[in-house]
2 protein chains.
Amino acid sequence: MTMVVDAMGGDYAPNAPVEAVSQAAADFTDTRFVVIGDEQQIMAAAKGTIPDNVTLKHTDVVISGDDEPVRAVRRKPNSSLVMAATMVANGEADVMVSAGNTGAIMAAGMLIIGRLPTVERPALAPVLPTFDGKGVLLLDAGATMDASAENLLTYAYMATEYAKHVLDISEPRLGLLNVGTEDSKGNAVVKQAFTLLSESKLNFIGNVEAREMMAGIADVVVCDGFVGNVVLKLAEGIGLGLFSGIKEVLTSDFRSKIAAGLIGGKLKALRKRYDWAEHGGAPFLGVNGGCMKAHGSSNSRAWYMTLAHSRKFVSNDVLEKLTAAMEVRT
Amino acid sequence: MTMVVDAMGGDYAPNAPVEAVSQAAADFTDTRFVVIGDEQQIMAAAKGTIPDNVTLKHTDVVISGDDEPVRAVRRKPNSSLVMAATMVANGEADVMVSAGNTGAIMAAGMLIIGRLPTVERPALAPVLPTFDGKGVLLLDAGATMDASAENLLTYAYMATEYAKHVLDISEPRLGLLNVGTEDSKGNAVVKQAFTLLSESKLNFIGNVEAREMMAGIADVVVCDGFVGNVVLKLAEGIGLGLFSGIKEVLTSDFRSKIAAGLIGGKLKALRKRYDWAEHGGAPFLGVNGGCMKAHGSSNSRAWYMTLAHSRKFVSNDVLEKLTAAMEVRT
């Protein structure tokens with residue numbers, strides 16, 4: 001198996017991905033890693049030592065967070081991201097991983113790797129942290145606007161296979177994000193999706209509200225990409241806002257610092273439970289190959305988790321399994 | 001001016017509304033209050049004393065949280081909520097306030113009071129707490145599913161008048177909730193709404209993401225009722241979840257309790273900044289009369305804030321002002 005890593009994306013690039021690849025290369029000796037990016041920076045991050053099952057590919061072209069995704073992917077064929085996607089498209093790698101510009105990763109997935117013939121529109125599926133510490137696979141987090149009820153059904157089939165074979169959840173509980181739990185709730189698309197999901201062979205537990213979702217009532221929750229993206233950014237924004245408020249409280253004066261000494265560890269544990277980095281990356285489902293997004297603020301541990309999930313995506317034949325599940329569906 | 005209060009809805013009914021009315025009746029001597037509900041319970045909550053400008057109307061029929069809203073409003077004409085709405089419909093009161101079943105309040109507003117002739121579809125507009133402590137008026141929070149771009153424009157006009165004349169914001173910054181800040185972002189309805197808002201005379205600051213909204217970048221944010229309801233429940237759910245996690249940390253052992261003694265006050269202040277109760281009630285805009293929803297978990301202070309806002313809604317002729325603004329629009 002070959003994994004290709006865009007080492008230049010994300011807040012802690014290239015150190016975090018390079019450290020994670022070094023660890024993963026030692027743990028997964030059956031896997032070949034290709035790391036793409038600035039050779040000098042990567043060698044510095046690797047402290048001069050590259051394991052045998054790791055190959056370097058040099059480029060100094062990068063797609064930044066400010067680049068317009070589709071244009072950047074078209075005009076920067078020598079960027080680390082596009083080179084990674086091209087390797088998957090050509091069959092030289094089984095899965096690509098990047099922590100860069102989300103829009104650009106989706107564009108690279110769609111334009112360079114292409115979509116599965118059975119999937120009309122792809123979906124991004126990150127794990128949102130929940131208060132029970134388990135997390136929920138939420139999709140679509142913003143790949144597709146104006147999804148149809150049929151699209152939501154496709155997401156549900158794909159995500160169920162991913163949750164089974166990558167997240168190790170034997171029978172994922174599937175929920176439909178809605179404004180109430182009653183069967184008749186929602187807008188037109190969601191009501192129709194409710195019917196399709198109810199008639200499907202999936203383990204559909206019905207409508208779930210955002211509050212219950214955060215409490216961990218479902219393993220997989222499907223929604224429209226507009227709603228999913230708003231949910232993602234809101235959850236992250238509130239988490240950051242509240243924890244930075246707590247940090248302010250704990251460092252404001254001498255008494256507070258004593259308190260921080262007494263409970264700092266426990267607050268850290270609370271924060272960790274609500275930390276995106278613990279839950280690995282987000283697959284871009286519906287792409288005709290492995291395409292994983294690591295969280296932009298991934299440290300080396302988050303990167304490692306994403307690499308581990310990417311590896312399971314390949315070794316457990318998730319692409320084939322979700323394609324097969326899609327065929328049962330129709 | 002006459003305000004009618006459904007004293008039987010909400011978690012702390014009838015004590016919280018009755019205490020708040022007693023205070024408001026003392027502060028606003030020009031206002032007449034009608035309190036509807038179980039006379040015995042209300043008299044007990046009022047400790048036997050009712051101010052001169054307060055009238056009691058007895059009923060023991062209540063619409064509960066479990067009642068199906070439209071059916072309940074139709075079948076329970078003698079419920080405290082329907083009696084309150086009927087007084088507004090008949091011109092016996094200028095504004096009604098309830099902390100009960102949100103769906104039932106909306107149904108009572110629509111079916112009994114009716115909508116403004118210039119408004120196709122009404123919107124619920126709560127103030128969402130933001131990290132700068134100011135809050136943001138978010139609408140629609142779930143009154144209307146499948147809103148059109150025209151509907152969103154209507155919400156923007158109504159909310160701008162409400163923010164000006166009730167929340168005392170002289171030139172409310174208006175944002176459109178979106179998945180990115182670039183002009184071209186969003187689903188079909190949101191893109192069209194962007195154009196309409198840009199061409200309007202409103203103080204439109206453009207697209208806002210959920211994260212920025214929580215940081216307080218806008219005073220008013222418009223969105224579809226499906227999205228708004230998800231946002232509301234998610235924000236509330238995360239706030240509750242995190243603060244209950246913090247509470248657990250602070251009470252877990254002896255050391256934690258010492259820490260709680262040192263920083264409990266500051267954490268309370270942080271929590272208060274993120275407290276819905278501080279921001280008053282949510283108007284149901286587009287109804288042909290005053291119709292205010294107090295938060296379900298309102299204590300007497302939150303109730304008082306809602307009564308104060310309801311009073312300004314009437315005394316500042318907000319209904320007339322937003323109707324006039326709607327006419328300029330077309």
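These legends go with a handful of close-ups of a predicted model.

**View 1. Where chain B meets chain A.** Here 48 residues of chain B touch 48 residues of chain A.

**View 2. Polar links across the interface, and what chain B brings to them.** Between chain B and chain A there are six salt bridges. One of these joins E236(B) to R211(A), where the closest N and O atoms sit 3.5 Å apart. Residue pairs in polar contact between chain B and chain A come to 13, counting pairs with both residues at pLDDT 80 or more. On the chain B side, the elements that each supply two or more residues are α7 (188-199), α8 (210-215), α9 (225-251) and α10 (254-273). Helix α9(B) gives the largest share, 19 residues. By type, the chain B residues that touch chain A split into 28 nonpolar, 12 polar and eight charged.

**View 3. The five-stranded sheet of chain B.** This is an open sheet with mixed pairing, and its strands run in the order β6-β7-β10-β8-β9. Strands β6 (127-128) and β9 (204-208) of chain B are at the edges with a single partner strand each, so one side of each has no neighbour in the sheet. Look for V127(B), which stands opposite L137(B) of β7(B). Helix α7(B) packs on the sheet and touches β8 (174-177), β9 and β10 (220-222) of chain B. The direction of α7(B) makes about 165° with that of β8(B).

**View 4. Two cis peptide bonds in chain A.** One cis bond joins A13(A) and P14(A), with omega at about -5°. P14(A) lies in the loop between β1 (2-6) and α1 (15-27) of chain A. Another cis bond runs from L139(A) to D140(A), and here omega is near 5°. D140(A) is in the loop that links β7 (136-139) and α6 (149-165) of chain A. Why point these out? Most peptide bonds are trans.

**View 5. A positive phi at K47(A).** K47(A) isn't a glycine, yet its phi is positive, near 55°. Most residues other than glycine have a negative phi. You'll find K47(A) in the loop between α2 (39-45) and β3 (54-58) of chain A.

How values were computed. Residues numbered from 1 in each chain as written. Chains lettered and ligands numbered in written order. Predicted model: local features only at pLDDT ≥ 70, side-chain atom pairs only at ≥ 80, totals over all residues. Heavy atoms only, no water. Contact = heavy atoms within 4.5 Å. Salt bridge = Lys/Arg side-chain N within 4 Å of Asp/Glu carboxyl O. Polar contact = N/O pair within 3.5 Å; in protein donor to acceptor, adjacent residues only side chain to side chain. Helix = DSSP H or I, 4+ residues; strand = E, 2+ residues; numbered from the N terminus. Nonpolar A, V, L, I, M, F, W, Y, C, P; charged D, E, K, R; others polar. Pairing = 2+ DSSP bridges. Axes fitted to C-alpha atoms, helices over the stretch in contact; angles between N-to-C directions.
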